[in-house]
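Open your viewer and set up a view in which single residues can be picked.

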Amino acid sequence: MGTNIILAGIGGQGVLFAHQVLAECAVTQGWQVTGAETHGMSQRGGSVVSHLKMGDSDAPLIRKGTADFLIAHDVGEAYRNLAFVRPGGTAIVNTALADFPDVRVRARLDALDITLAMFDADRAAQQLGRASVANLALLGYACHCENFPFTRAAVRETIARVAPARFAQIDLEAFDMGWQAGAPSWSWETPEQDAAASPVSQRQISNT
Amino acid sequence: MNQQVVLGNQAIARGLIEAGVNVVTAYPGTPSSEIVPSVIAWKKKLGLDTYVEWSVNEKTALEVALAASWTGKRAAVTMKQVGLNVASDPLLSAAYTGVVGGLVLVVCDDPGPYSSQTEQDTRLFALFAKIPTLDPSTPRQAKAMVHEAFAVSEKYRIPVILRSALRVSHARQNITLDTIDVTARKARFQKDPTRWAATPRYRLLLHRELNEKLKNIENDFESSELNALKEPTTGRESRRYPLGIIAAGVPYTTAHELLDEFGVETPILKIGTVYPLPRALVNEFVERCERVLVLEEPDAAIEYQVPDRRRVLGRLDGTVPNAGELTPEVLRSVIGELLVETQALTSVPPPPDSGWDELLKTLQLPVRAPRLCPGCGHRSAFYQIRRVFPGAIYSSDIGCYTLGTNLRAVDTCLDMGAAITVAAGMYHAHHLDGKQPPIVATIGDSTFLHSGMTGLANAVHTGARFVLVILDNSTTAMTGFQPTADTAQLADGTQGARVSIADVVRACGVKFLVEADPYDHEGFTRTLKEADAFTRVNTGGIAVVLAQRPCVLYDRAPLDAHPIKVEVTDECDGCKYCLVAFECPALVMNIQTNKVEVDRRSCVDCGECIDACYKGFIVESQPMTIFELATKVGAEQGLAP
């Protein structure tokens with residue numbers, strides 16, 4: 001069985017680039033990938049949702065309740081796409097809000113055994129002086145999640161390969177920042193050390 | 001590595017390159033716009049001499065490609081589905097004349113619709129025009145079908161449509177890069193007036209020839225690998241299946257996945273060659289099923305062609321909704337309910353997402369309606385148009401500026417170019433009653449060149465009177481910044497000749513033409529008033545204002561040269577006038593303070609909103625002096641100033 005990932009955000013947040021990185025990474029690992037993305041008016045501040053399916057299905061859209069992961073770059077878009085996450089799946093959300101999620105949503109996530117991982121990727125990106133790299137910080141953070149189908153090393157290598165040359169350096173810095181933010185305090189691996197590292201339990205991350 | 005993850009449109013482009021296409025023409029339109037840029041990227045990367053153009057409109061594009069095919073070159077033309085309406089005149093005739101080199105039309109449908117004025121089905125157009133049509137389900141298939149389309153086109157000397165759709169064109173898949181056909185095809189036009197210049201007498205012969213071609217193509221399609229029957233491994237011995245599915249395009253892949261989810265084995269016939277439909281193959285399948293469900297998008301092209309529909313369920317009998325995208329959720333209930341009826345399932349299992357919708361409705365999530373970008377010159381133009389002509393009739397057109405509806409400065413949007421013809425019709429209708437209401441037409445630069453200028457010639461000729469504002473942002477912004485003929489830049493970045501919109505307007509006989517920058521409020525507003533006056537004097541007529549301001553996403557230089565930082569003063573009383581009348585995404589309401597704020601993340605420092613607060617509470621920011629800064633910091637820390 002493959003993995004279904006929904007990436008969601010607002011036009012300009014780099015959702016489609018994050019999709020491209022994960023898709024290329026999956027192909028490198030021998031997966032067939034199919035996906036869909038919403039375009040058109042997205043550049044004018046609209047919602048952007050992309051569906052990434054690793055496995056044999058040719059159907060481009062992920063059905064509601066069947067996504068293993070939701071990677072949301074915006075809180076509103078996170079809410080809007082939670083229905084895609086399967087029971088037992090994981091939602092990774094870029095947020096700095098103390099009141100996220102709504103208590104009823106939290107109760108429902110718990111009832112469905114959906115793990116919620118929250119990370120302020122925007123702040124990480126601002127520290128690097130470039131708001132548009134929050135998408136990669138969020139990917140770095142996501143690499144810690146249990147059952148996430150990619151290792152940090154594989155995603156990192158893919159970013160280095162597919163990012164436009166002038167952005168590659170800062171993209172990788174953002175990715176590393178996201179990874180480090182997600183790492184438990186006892187872990188301070190260098191980029192070279194983690195290739196074989198086993199994913200950290202997601203429960204631990206959401207408690208930090 | 002010869003694997004690449006690409007958009008469906010890029011897979012189609014790669015298919016065209018591999019097929020050795022010589023000429024590619026197109027007019028941009030979602031969801032087809034990425035094909036040409038991808039063809040150009042491959043052309044440059046591989047050093048090919050492919051001729052590529054962004055044509056002025058789809059009719060032009062098809063005619064150029066068709067003529068190239070008449071010389072023996074392989075040609076392709078790409079467009080969105082409504083573009084085929086514009087290209088329909090040459091299309092129907094080309095079916096009769098036929099082609100020499102292969103000619104493939106890539107036409108992208110938009111079930112939903114997500115970014116089109118209709119949900120029309122190109123495959124029904126194909127039936128009407130008698131053009132063979134292939135219907136891919138995935139980017140990989142779309143690429144493979146490009147080769148097949150050229151093969152059919154050249155074998156039978158007939159144009160072929162490759163009908164893509166949003167969920168194919170904007171799907172992403174890994175594809176294999178295959179070898180490229182390098183056959184040299186010399187341009188050699190062989191004269192044959194009875195074909196290329198056929199009079200009605202010969203047209204009858206060509207029509208008979210076309211029918212004969214279609215008969216033979218249908219025969220070929222009966223055994224085509226583009227159609228595939230998948231039968232259950234068990235139950236074959238029974239006389240008839242209780243339910244069979246015929247599916248094409250994206251609904252085929254969705255149906256397949258849903259049957260897997262339900263754990264039900266149902267025979268499914270995939271149709272890739274939608275027209276002419278291999279009727280023997282389909283009939284035989286229908287015969288073997290008690291009931292047959294037809295799944296296709298966006299309308300019913302296969303279903304119409306099934307000779308015996310007595311056991312067929314689909315859009316025509318209402319089993320499948322007859323509008324909107326066939327999303328997995330829609331098909332889940334259609335297929336699930338039929339499986340229950342045919343006793344393959346005892347009940348439809350509840351969808352795994354149940355309950356979220358009701359919960360999320362109570363959260364009041366922000367609605368992200370499409371809006372003009374911060375700094376957009378269209379907004380400045382619309383804002384002033386509304387102020388100068390408060391009760392006017394506003395006819396508009398297809399493009400970003402249709403979003404002028406948000407500023408209540410767009411009343412009509414019909415099709416490409418109709419801003420001008422609708423304005424003329426409105427004028428003549430009111431003129432019959434002895435009235436001349438203010439009428440303001442707005443149209444973009446690319447749309448004007450596409451279909452606006454014929455309407456302008458007509459309006460001038462017939463004495464219509466209205467103000468026409470041509471919103472010239474120097475590019476085709478909505479579809480991804482394709483160059484227009486009003487710039488000298490060609491599709492691949494090389495130099496062409498500029499066709500000046502101003503010259504075209506003058507050549508149409510317009511006597512009032514003023515160029516104005518919508519950022520220059522005094523000048524632009526004065527021009528609008530002068531234009532209105534010209535439509536009302538004895539010697540007057542149509543007045544054209546050429547509103548020139550580059551798209552902020554396309555060219556930031558003019559903005560960056562003169563940034564104007566604004567802020568909202570503490571006096572703001574939260575009246576929301578600016579939010580409604582100016583409608584800039586960078587002006588936001590702070591519900592805690594009940595004051596408007598400038599969203600620094602999206603503001604582009606255009607300063608255009610200063611006028612939008614008639615109370616004067618939006619002002620240009622003044623740089624803070626050291627003393628002011630120290631006072632502010634001190635105050636924040638609770639120290640006395």
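## First stop: one residue in chain B

Select B:Ile443 and show its surroundings. Leaving aside neighbours within four places in sequence, B:Ile443 is in contact with B:Asp397, B:Ala419, B:Ile420, B:Phe448, B:Gly452, B:Ile470 and B:Leu471. Two residues are in contact if their C-beta atoms, placed from the backbone, lie within 7 Å.

A word on ground rules. This is a predicted model, in which local features need pLDDT of at least 70, side-chain atom pairs count only at pLDDT 80 or more, and totals for chains, interfaces and linings use all residues. Residues are numbered from 1 along each chain as its sequence is written, while chains are lettered from A and ligands numbered from 1 in the order in which they are written.

Now stay with B:Ile443. This residue lies in strand β17 (residues 439-444) of chain B. Helices (H or I, at least four residues) and strands (E, at least two) are DSSP runs, numbered from the N terminus. Is B:Ile443 buried or exposed? B:Ile443 is buried, because 31 other C-beta atoms lie within 10 Å. The cut-offs: a residue is buried with 20 or more other C-beta atoms within 10 Å of its own, exposed with 12 or fewer, and partly exposed in between, with C-beta atoms placed from the backbone.

B:Ile443 and B:Pro352 are 91 residues apart along the chain, and their C-alpha atoms are separated by 47 Å.

Next, find the open sheet of seven strands in chain B. Its order is β3-β2-β4-β5-β7-β6-β12, with mixed pairing. At the edges are β3 (51-54) and β12 (273-275) of chain B, each pairing on one side only. Strands pair if DSSP finds at least two bridges between them. Zoom in on β4 (residues 75-80) and β5 (residues 103-109) of chain B: six bridges join them in the parallel sense. There, B:Ala76 stands opposite B:Val104 in β5(B). Then show helix α3 (residues 58-70) of chain B. This helix packs on the sheet and touches β2 (23-26), β3, β4 and β5 of chain B; its direction makes about 165° with that of β4(B). Axes are lines fitted to C-alpha atoms, for helices over the stretch in contact, and angles run from 0 to 180 degrees between N-to-C directions.

Move to the open sheet of five strands in chain B, ordered β9-β11-β10-β13-β14, again with mixed pairing. β9 (228-230) and β14 (312-313) of chain B each have a single partner strand, so one side of each is left without a neighbour in the sheet. Strands β10 (residues 241-247) and β11 (residues 268-270) of chain B run parallel, joined by three bridges. Pick B:Ile245: its bridge partner in β11(B) is B:Ile268. Helix α11 (residues 249-262) of chain B lies across β10, β11 and β13 (289-295) of chain B, at about 145° to β10(B).

Switch to chain A. How many helices and strands does chain A have? There are eight helices and six strands. Of its 208 residues, 55% count as buried. Select helix α5 (residues 134-142) of chain A: nine of its nine residues are buried. Among them are A:Leu136, A:Leu139 and A:Tyr141.

Now show both chains. 39 residues of chain A are in contact with 38 residues of chain B. On the chain A side, β2(A) gives the largest share, five residues. The residues of that side divide into 14 nonpolar, 14 polar and eleven charged. Here Ala, Val, Leu, Ile, Met, Phe, Trp, Tyr, Cys and Pro count as nonpolar, Asp, Glu, Lys and Arg as charged, and the others, Gly among them, as polar. β2(A) pairs with strand β8 (residues 171-176) of chain B, antiparallel over three bridges. A:Ala36 stands opposite B:Ala171 in β8(B).

## Last stop: confidence

Colour by pLDDT, the predictor's confidence in each residue, from 0 to 100. Chain B averages 94 and chain A averages 85. Within chain A, confidence is lowest in helix α8 (residues 202-207), at a mean of 36, and highest in strand β4 (residues 67-72), at 97. Over residues 195-208 of chain A, pLDDT stays under 50. The model scores ipTM 0.85 and pTM 0.91.
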